[in-house]
Structures are given as C-alpha cells and as structure tokens.
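Here are my notes on the model, as numbered points. Please read them with the structure open.

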Amino acid sequence: MSFRKIRHLFVRKVSYDRNIFLYHKSVAKFPQINNAKKTAVFQYFFETFVIDKRLFFLIWVLNFYRLEINLKFLITGGSGFLGINLIRYLLKKDHEIVTLDIADFNYLDVAEKVSIIKGDIRDLQIVNKAMQGIDMVVHTAAALPLYTPKEIFTTDVEGTHNLLEAAEKNNVKRFIHISSTAVYGIPDHHPIYENDVLEGVGPYGEAKILAEEECLKFRKRGMCVPIIRPKSFIGPERLGVFALLYDWAYTGHNFPMIGSGNNRYQLLDVDDLCEAIYLCAMLDEKTVNDTFNIGAKEFTTMKEDYQAVLDYAGHGKRIIGLPEKPIIRTLRILEALKLSPLYKWVYETASKDSFVSIEKAEMVLGFKPKYSNKDALIRNYKWYLDNLNSFKDQSGISHRVPWKQGILKLAKWIF
C-alpha cells in the first residue's frame, strides 16, 4: 500500500478529531513554519494540550516531512464572491481544492492551484463526477434574488439535494451548507436565535428554507451537515448592491438611506465567515453537526456604519435619511417596471433592525469575529478603489459585478 493511500486512510479516520483542530491552532502560532521551527511548535503544542501521545507523534511525523494532513474540499460556487475567498483561505492552509460552478473561473492567482469543473449543480451526472475522492463539501452555490423564481428554486433546492445525494453516495462525511439569515424573514424581535421561526421573504428566502430542510433529511440519515446562516457578508471581490454605496462615495455624493438610518443592521466580513466555515470543517463532528448564526460582533446603526465609508472617501458627504413608507412604495413600482436593481428583501428590510445572536457560534465553535461593520465596509471599499478599472464597464446580477443602477443613477444628481 502506498504512503499516499495510508495517509488518506489516516485522514479519513481522524480528520474530524479535535486533536487535528488543536494542532492547526498551534501551527498558527508560528506562521513562518520551517524545519528549524518545528521543534518549537512541538514543544508549544505538547505543553499546551493534553492529547493522545501516539496520535500526536504520527501527526508530527507527517508534518515534519512535509506530508501534512491535507483534505480535499469541493467548493460549489467557487467562482463566486464567497467561493473565491474561501478557496484562497483553504489554499493558505495547504488543502486540495475542487471548484464546481456554472460560471467561468477566471482568478489567475489561483487557477493553476485548483481543479476546475464547470457545470451546473442541477446536473446530477456532473455533481457525481465532482464528488469523487472528496473529503468535505462546502456548498456556497445559489441563485441569488435577482434570478427568476424558477432558477432560484431549481438551483437552491434541487441543486442542494443533488449534492447531498452525491455526497452520501461517495461517503463524504461532512457537508457544510451555507444558508442565509434571509430564512428569518422580517422578525418582530432581535437578536434572532437559531431556533426562531423561519419565514423567508420572496423566492430566495423560501428556497433557502427548503434547502435547509434537505440538509436536515440527510443529517437524520447519518451525515454530518453543519448549516451556517451568515448575515450579509462583504469584503474583497464583493460588489453587487454594495457597489451603489461605493460608487456614490467615490464620485463624491451624499448617499440616500430608506428611513432614518437609526436601525441596527449587522453585516459580516467574508474572512470571518471563512473562519467559521473552517471551524465547522475541523472541529469534532458531534460539535458542528448543528445550525449556527454568523455575523459581526461589533456594529452600530446603519447610518453610522455606512457613514464610515463616506468619511473614508474624504468628500465631506453624508448619509441622508428618506421617508420610509413613500420610498418603499416607489421602489416597489420601480422593481415591477424593472427600473431599479433593488429587490423586495433589500428595500423591505433596509430600515428595520436586523441582527442575529452569535452566542451559539462563540460558545460551541469558539468563533471570534475580527471585523466590525465599519472595518468590513472600509476594507471592501479599499478593494473597490484598488480594482475599479477591472470592473468599471461590467454589470450583472451576481455579487461579483456592480448591479445596474437603473433609474437610481439619475438620483445621484439630486444628492
């Protein structure tokens, strides 16, 4: 039996053990690992944690000879905003990546480091092909709210079922499903907890609930299926609706907001989301086989957080609150006439409080978000400025390109 095969069997047996997670935590203390520093890592880890000495010795030997215990991840939606950030995150940890997406994978910095499969998750044959030899799946692919209801339900529900079925068939023991806090609809209380009532707004929210139900079915059949419900997440590569704010800030305009802006609206940095996903990949199966809200720890009012971007832009502009009810009525009409990129979920919730409790993720996973709302928005805006020329003539309906502003572009001249 080859050493590669032995290592693969070993990974399958212990990769979910907490000892692996603790080991990677210790290695993180020494970011510039080389052979000379491995002794320091060994001493630090051995003195800090009490683990099975034989298991640790085997892990240590594998790492010393550059035979790290690497996992093979399938990332669905790898060409998307979350997908590419997660791929870069996992590559830094020396894992093997397969990406499956209906869109082209055009990230030159990592294209030669991943296996690229272009295909639709609604195609079971392609899904079965992509699933071969996979240790873990992170399912980020979804049809976003600007797609047609048919595309949303077939992609988000049927596609999720296909992936779960193929994962079960190929003995993939962990399937991390990226859901959304859109499953909570517009609740009557905050913060929102994982066991609160699910009542999605529009086809996207409804489809996300149905996709979670598919996950729960396979969880009952013995699969480990962590479900993550992230708040709206931003960071490098994110455009979409946030490109409206960044464009108006860059060109020196005030930015209109539905309502007073005094509501609290929690966001999430994509790096923190990647960290939460990785915790669900590395921690013990019994610990992570659950559902978790993920969001920023620090956030203020929507007006104050978004003002940070205008202040950073340096034009002396302000967030301008607009009367809530007449603006929402107007946006409904503009959406129906296809003159505005804003859909119901955006304009119906923009003036409302929207934040979840992350206590469960903090206590169970040890999740510790690094970025506040302001930090995440400014970090995203900096990326926007640095990459403006690469997308200035593009538009579409995904998070990776600016949305067409439609009639809202005319409103810039008022502000």
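1. Start with Asp94. This is a predicted model, and in it Asp94 is partly exposed, with a relative accessible area of 40%. That label applies because the value falls between the cut-offs of 20% for buried and 50% for exposed. Asp94 sits in the loop that joins H5 to S2. Its phi is near 65 degrees, which is a positive value in a residue other than glycine.

2. Is Glu237 buried or exposed? Glu237 is buried, at a relative accessible area of 13%.

3. The bond from His190 to Pro191 is cis, and its omega is near 0 degrees. Pro191 is placed in the loop between S5 and helix H8 (202-220). As background to these backbone points, most residues other than glycine have a negative phi, and most peptide bonds are trans.

4. Now the sheet. In what order do the seven strands of the open sheet run? The order is S3-S2-S1-S4-S5-S6-S10, with parallel pairing. Strand S3 (115-118) and S10 stand at the edges; each has a single partner strand, so one side of each lacks a neighbour in the sheet. From one strand to the next, the twist averages 15 degrees.

5. Look inside the sheet at one pair. Strand S1 (residues 72-76) and strand S4 (residues 136-139) are joined in the parallel sense by four bridges. Phe73 is placed opposite Met136 in S4.

6. Two helices lie across these strands. Helix H10 (residues 270-282) lies across S1, S4, S5, strand S6 (227-230) and S10. The angle of H10 to S5 is about 155 degrees.

7. Thr291 is in strand S10, which spans residues 291-294. Thr291 is buried because its relative accessible area of 10% is under the 20% cut-off. Which residues does Thr291 contact, leaving aside neighbours within four places in sequence? They are Glu194, Arg219, Ile227, Arg229 and Lys360.

8. Gly159 is another buried position, with a relative accessible area of 0%. Gly159 lies in helix H7 (residues 149-169). Leaving aside neighbours within four places in sequence, Gly159 is in contact with Ile121, Arg122 and Thr154. Gly159 and Ala142 are 17 residues apart along the chain, and their C-alpha atoms are separated by 8.6 Å.

9. Finish at the surface. Which residues form a nonpolar patch there, with about 280 Å² of accessible area together? The patch consists of Tyr250, Tyr312 and Leu385. Tyr250 lies in helix H9 (residues 242-250). Tyr250 is partly exposed, with a relative accessible area of 42%.

Methods:
Residues are numbered from 1 along each chain as its sequence is written. This is a predicted model: local features need pLDDT of at least 70, side-chain atom pairs count only at pLDDT 80 or more; totals for chains, interfaces and linings use all residues. Side-chain values use heavy atoms; hydrogens and water are left out. Patches are made of residues with over 30% relative accessible area and no salt bridge: like charges are joined within 9 Å, nonpolar side chains (Val, Leu, Ile, Met, Phe, Trp, Tyr) within 5 Å. Accessible areas come from the Shrake-Rupley method with a 1.4 Å probe; for residues, only the protein chains shown count as cover. A salt bridge is a side-chain nitrogen of Lys or Arg within 4 Å of a carboxyl oxygen of Asp or Glu. Buried means under 20% relative accessible area, exposed over 50%, partly exposed in between (1.4 Å probe, protein chains only). Contact means heavy atoms within 4.5 Å. Two strands pair if DSSP finds at least two bridges between them. Axes are lines fitted to C-alpha atoms, for helices over the stretch in contact, and angles run from 0 to 180 degrees between N-to-C directions.
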